[in-house]
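This report describes the pockets of one protein model, their linings and the elements that supply them.

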Amino acid sequence: FLMVVTAITTYILMPFNINNLGTQGYGIWIIISSLTAYLFMLHLGTPMASVREMTQAIATDDREKLNRVVASCATLYAIAGIVVILLGIPLLLFFEHNYVVPPQLQQEARWTFILALLQTGLAFLATMPYAIFSAYEDFVLKNSLMTVLLLVRAALNIALVIWYPSF
């Protein structure tokens, strides 16, 4: 179900964004999204390793170990999020010096890049509930949460583009 909702939102949002932002604004948005998405790869499989550790603690009914694993993972994800944000600063400079952005869009592009960095950094912490749901094998709840968040992001995308259509 989640893949169907993802496909539908993609088919709705792409033409909506292109029509409202213009090809130039949409192109800048895609470049920023692509550059910051690379930073998310720094999770290096940690969420899956945490699921394994959590599942073992759940299977042995070891609440103390489960709490330690969750706390350790939350700390690790928070640190990784901070590192991503810090690594994004040179990436922002790379973006500003290597991509041609029209002068009237440069300030908006900078703020969009900064917001995308913050979102990417916070996304590390946002993986915690998914890891916990996976450890408990509660895939219905996990996919339901993912679907709701996808729809919220799509609604925010539409609202923000309508509210502030220049970028």
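## Pockets and their linings

In the second largest pocket, α4 supplies the largest share of the lining, 10 residues. Helices here are DSSP runs (H or I, at least four residues), numbered from the N terminus. This is a predicted model, in which local features need pLDDT of at least 70 and side-chain atom pairs count only at pLDDT 80 or more, while totals for chains, interfaces and linings use all residues. Residues are numbered from 1 along each chain as its sequence is written, and side-chain values use heavy atoms, with hydrogens and water left out.

A pocket is an open set of points on a 1 Å grid over the protein atoms alone, where a 1.4 Å probe fits, with protein on both sides within 12 Å along at least five of seven lines; lining residues have an atom within 4 Å of a point. A volume is the space filled by probe spheres set on the points, which are joined across faces, edges and corners.

| Pocket | Volume | Lining |
|---|---|---|
| Largest | about 1,400 Å³ | 32 residues |

In the largest pocket, W29, S33, Q119, R153 and N157 lie nearest the centre. The elements giving two or more residues to this lining are α1 (2-40), α4 (103-135) and α5 (139-163), with the largest share, 14 residues, coming from α1. The lining of the largest pocket comprises 20 nonpolar, 10 polar and 2 charged residues.

Terms used
Ala, Val, Leu, Ile, Met, Phe, Trp, Tyr, Cys and Pro count as nonpolar, Asp, Glu, Lys and Arg as charged, and the others, Gly among them, as polar.
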